[in-house]
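Trainee: Could you take me through one part of this structure in detail? I would like to look closely at a single residue, and then at how the chains meet.

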Amino acid sequence: MGAPWLDSLLGEHLLTAITFLPLATVLALALVEGIVRLPEPVWKWTSLASSLVGLALTGILWQRFDPAVSGLQMVEHVEWIPDYGIHYTMGVDGIALLLVALTSFLLPVVLLASWNDIAKRVRSYLFLMMSLQTGMLGAFFALDLFLFYVFWETMLIPMYFIIGIWGGPRRIYATLKFFIYTMVGSLLMLVGIVVLAWLHQQQFGSLTFEYYGSGPATGILDLAIPTEGGAWWQRQGFLFGVFALAFAIKVPMFPFHTWLPDAHVEAPTPGSAVLAGVLLKLGTFGFVRYALPLFPQAALEYAPWIVGLALVGIVYGALVAMVQSDVKKLVAYSSVSHMGFIVLGLFALNAPGISGAVLQMVNHGVSTGALFILVGMIYERRHVREIDAFGGLARAMPVYAAFFLIATMSSIGLPGLNGFVGEFLILLGAFQHLRWPAVVAASGVILSAVYMLWAVRRVFFGPLVHEANRALRDLSAREKLVAVALVVPMIWIGVHPSTFTNPLDRAVTELIETMSRRAPDVAQSIPTGTDEGRTGPDSESHE
Amino acid sequence: MIPTVDPWAVAPMMPVGLGVLLLPLFDVFLVRRGSLLGQPLTAARRSTYLAAASLLFLGASLLVTLNAFSQPIRVFNPENPMVRMDGVALFLCATVLIGALLTVLASSKYLEHVQSNWGEFYTLVLSSVIGMMFLAAASDLLMLFLALELMSIPVYALAGFHRASLRSNESAVKYFLIGSFASGLLLYGSALLYGATGSLVLSEIATSFDPENALDLCGAGLVLVGLAFKISSVPFHQWAPDVYEGAPTPVSGFMATTVKVAAFGVLVRVVAVALQPASDAVGPALWMLAVLTMTVGNVMALIQRNTKRMLAYSSIAHAGYVLIGVLVGGEAGTRAVLFYLLSYTFMTIGAFTVVAVLARDGREYDAIDDLSGLAQTRPFLAIVMSVCMFSLLGMPATAGFVGKFLLFSAAVQEGLATGNSALVWLVVIAVLNSALSLAYYLRIPALMFFYPPREDVQSSAPGSFERIVLFACAAAILLLGLMPQDALPLLVSVLHMPDVNVLQLASDAAASLAP
């Protein structure tokens with residue numbers, strides 16, 4: 001073909017294309033809608049097609065990504081507000097690549113899963129889902145702090161409307177709580193971002209919000225941020241605190257997790273799937289991309305506290321999940337527990353820990369997304385989610401039971417599926433210098449098996465008590481397609497994780513190097529990956 | 001004998017001045033004629049023609065103002081400088097004119113609905129606008145007072161324009177009494193300053209101001225108090241909620257935006273120029289005012305059940321944010337203040353216009369619950385209102401966020417330069433206040449989109465003028481939010497216009513202004 005615009009779209013502007021394709025699609029649909037009323041199927045099929053194109057573009061990105069090259073790739077740079085050093089800069093490294101792949105993968109699956117789920121105001125729903133997609137992708141690609149902040153905040157609006165319009169009975173309370181809680185944290189982060197930019201002006205003479213410098217130009221990451229001396233708001237302690245608070249609320253870490261059960265339960269199925277699948281990962285992504293490299297000394301200093309909170313999250317989340325009678329709430333609390341695991345891996349501050357954490361982000365997205373979608377399927381039929389309302393479901397819906405069981409196994413970390421690889425790496429990394437926290441975390445694995453398997457047994461096995469369950473129809477072709485699509489990555493990551501850890505390696509190594517470089521006085525406390533802990537294609541090939 | 005004046009200095013005010021003279025004549029002309037252009041003249045049509053005529057005059061003024069940006073600073077009478085049209089004055093004149101244009105567009109159909117469809121409305125608006133423009137350009141205390149009165153008295157009448165409504169009458173009387181009281185304080189302060197420094201001109205006051213002298217400080221304090229009343233900062237804000245609630249809705253929008261814009265303009269000028277030697281005293285006072293205004297405004301807005309009252313408290317809170325910029329001063333602070341005032345005009349007029357559109361059959365529907373389910377009955381209104389609400393709370397991609405960002409940026413920059421932590425504390429307080437404001441701003445889109453519509457509230461469709469206003473406000477909010485760099489160079493050049501810039505004095509001593 002050789003059309004120059006196509007080349008540039010797939011070349012230098014690939015990231016912008018991936019990010020804005022969803023929004024551009026629905027804006028185009030809305031514009032046409034203003035002239036001639038498009039029937040709902042047009043909206044649905046166009047959105048699905050657009051999401052698949054987005055997935056294809058992400059595939060192209062993956063293929064073009066070179067795991068051996070250090071630093072960021074496919075960088076796009078446009079001046080946006082030059083008076084304030086604000087640029088539209090997008091780039092991708094191994095960590096962002098994995099998360100973008102997760103996001104691009106989940107959207108078509110979620111759209112397909114909710115095909116008949118959303119009955120009223122379908123056009124608005126699709127508009128909001130696609131805008132949300134753009135927001136999330138932009139946040140992963142953004143390399144300018146101001147740009148990151150814009151994407152981070154604007155994501156809240158579509159989610160706010162999705163929960164509020166199509167959610168359950170307590171949706172208004174849930175969505176207001178979600179929005180206000182998240183935004184409060186982000187607003188404090190804004191103070192930190194502005195301070196960082198002006199610190200750069202003070203240290204290097206030019207005001208910029210660019211994170212990585214390029215060539216002679218310096219970025220925020222080149223700043224020397226003191227740990228003591230100077231004003232309280234210029235120190236690492238405060239700056240790390242405000243960034244960490246914003247991310248901790250998003251993850252969510254105990255005790256900032258109280259918005260999550262309400263938001264997850266009240267959100268409609270596709271909303272929950274995206275919320276758990278991608279939105280939560282933005283919090284941990286923020287830690288990995290910004291909080292850890294920018295403030296290594298503060299990270300080290302606060303690591304014991306954060307690890308402690310992560311452990312509480314793991315165990316507390318698991319224990320509360322165990323006593324839930326609503327299966328959606330159970331999955332929501334299991335999210336708290338699993339995200340605690342990821343935070344633990346991050347704050348192990350070594351290669352296997354961080355690689356495991358990033359991989360587990362993807363795993364959790366897939367498995368918890370799958371669980372929410374599967375729960376949605378049964379809710380669509382019975383309109384109840386209480387575990388007591390079920391029992392012996394495997395007799396009526398064997399295919400459904402099989403897929404649910406696979407998703408459960410993935411979530412609890414059965415070897416051979418994706419969850420195991422991530423958890424193993426995290427525990428490996430944590431055990432190196434966080435002995436007893438790793439032991440506690442390992443108990444969390446047992447607890448997750450307890451509540452998940454117990455719930456599965458009560459729902460699927462045993463006698464078929466309620467007559468209503470007998471007549472339930474098994475999965476339709478569309479639902480089977482969705483389930484298979486979700487199971488494929490579970491197995492793929494489980495048996496051949498190196499496909500996914502390869503791009504990660506360089507990024508994780510660089511992260512640790514950056515932390516050591518920026519904190520030379522405590523560099524020896526940052527446990528760099530030794531040979532026994534290095535991830536690589538060899539260490540998992542025996543699985 | 002005859003002083004050498006530069007008439008081009010007041011060229012931006014002239015079309016509006018002409019309008020004030022000609023509009024009443026046009027009104028009488030229309031009343032006496034039964035028909036115009038072959039169509040019978042109903043009250044509604046008369047109103048539309050008058051609105052169109054005032055739009056012409058306002059538009060002409062706006063064009064002259066925009067043209068004057070590229071010209072050197074003009075002072076009307078260099079020997080007795082009372083009016084100084086520098087970049088800041090021109091920018092504020094332009095903002096005020098835009099606000100007035102939007103108000104006139106929004107009001108013609110509304111006045112019909114509340115059966116107060118008289119031609120004097122537009123004349124009063126234009127008179128007030130002249131006062132605002134002179135206020136923005138005032139460089140001496142007497143001009144300040146004159147312009148303040150010229151601005152305020154028509155607005156007192158406008159507040160009571162809905163004669164049949166008890167609340168409107170109450171609003172007018174309350175505003176008149178308190179506003180006159182404030183003007184009296186201002187005048188007394190001006191007299192004290194004249195007595196202490198021997199001059200009324202702001203720049204001359206600065207040279208002979210003695211910060212140790214009680215007379216000087218009292219004069220400065222009273223002037224500040226008088227101006228603080230006008231911008232409704234705490235604790236001089238008590239009149240605002242009642243007045244905004246009672247006045248006809250487009251007038252509330254007019255008051256909340258243009259009056260505040262002009263008053264802030266002169267406040268910046270007074271603080272930066274005349275009171276600059278007193279910065280050790282004025283700084284902490286402004287700090288306290290900013291914190292109180294933000295906090296009380298936001299907290300009180302949380303409990304409101306009436307949209308106009310909520311918007312009144314919201315505008316009080318925003319005045320608090322702008323005071324941060326006034327406190328920081330210098331180029332960065334003033335740039336932030338100017339941008340914020342422009343974006344705030346669009347957000348607030350947009351919100352008030354949505355409330356105005358809901359009026360019908362002689363009454364307004366301004367309870368917050370009346371907005372219930374608006375997304376299903378009038379989606380366009382709901383979307384515009386949501387854009388305005390998200391902008392007011394400071395959501396990125398809207399003008400409100402850029403304004404707040406500029407303010408915080410200026411404060412942090414100043415704090416870093418001077419090592420002054422009080423400014424950063426102010427930013428943290430402002431950020432926490434923004435978080436607080438989420439609770440009441442988010443309630444509006446929630447009501448509109450998540451709840452079913454009420455059967456007893458049936459809003460009429462917005463007229464074409466109102467649609468223009470709503471669309472313009474929403475578009476401006478998004479454009480300024482996503483592409484502010486087009487406005488920023490203008491703002492930078494505004495502060496650097498050729499010839500001596502009055503604010504250059506301020507930027508040198510900006511450091512001492514903070515506590």
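In which helix of chain A does A:Leu453 lie?

Mentor: Happy to. Please keep in mind that this is a predicted model. A:Leu453 belongs to helix H18 of chain A, the stretch covering residues 435–460. Its relative accessibility is 37%, and because that value falls between the 20% and 50% cut-offs, A:Leu453 counts as partly exposed. If you set aside the neighbours within four places in sequence, A:Leu453 is in contact with A:Thr408, A:Met409 and A:Ile412.

Now let us turn to where the chains meet. The size of an interface is often given as the accessible area lost when the parts come together. Between chain B and chain A, that buried area is about 3600 Å², with carbon and sulfur atoms giving 80% of it. On the chain B side, the residues that lose the most area to chain A are B:Phe405, B:Leu416 and B:Phe450, which together make up 21% of what that side buries. Counted by residues, the contact takes 42 from chain B and 39 from chain A.

What about charges and polar groups? Between chain B and chain A there are zero salt bridges, while six residue pairs are in polar contact, both partners being at pLDDT 80 or more. Several helices of chain B each supply at least two residues to the side that touches chain A, among them H15 (379–393), H16 (399–418) and H17 (421–450). H17(B) gives the most to that side, with 16 residues. By residue class, the side of chain B that touches chain A divides into 32 nonpolar, nine polar and one charged.

Over all chains, the count of disulfides comes to zero. B:Cys388 shows this in detail: the nearest cysteine sulfur belongs to B:Cys473 and is 6.1 Å away, and B:Cys388 is in no disulfide, because a disulfide needs the two sulfur atoms within 2.5 Å. As for accessibility, B:Cys388 has a relative value of 0%, so B:Cys388 counts as buried. B:Cys218, by contrast, has a relative accessible area of 45% and is partly exposed.

Note on methods
Residues numbered from 1 in each chain as written. Chains lettered and ligands numbered in written order. Predicted model: local features only at pLDDT ≥ 70, side-chain atom pairs only at ≥ 80, totals over all residues. Heavy atoms only, no water. Helix = DSSP H or I, 4+ residues; strand = E, 2+ residues; numbered from the N terminus. Buried < 20%, exposed > 50% of the residue type's maximum accessible area, 1.4 Å probe, protein only. Contact = heavy atoms within 4.5 Å. Buried area = accessible area lost by both parts, 1.4 Å probe. Salt bridge = Lys/Arg side-chain N within 4 Å of Asp/Glu carboxyl O. Polar contact = N/O pair within 3.5 Å; in protein donor to acceptor, adjacent residues only side chain to side chain. Nonpolar A, V, L, I, M, F, W, Y, C, P; charged D, E, K, R; others polar.
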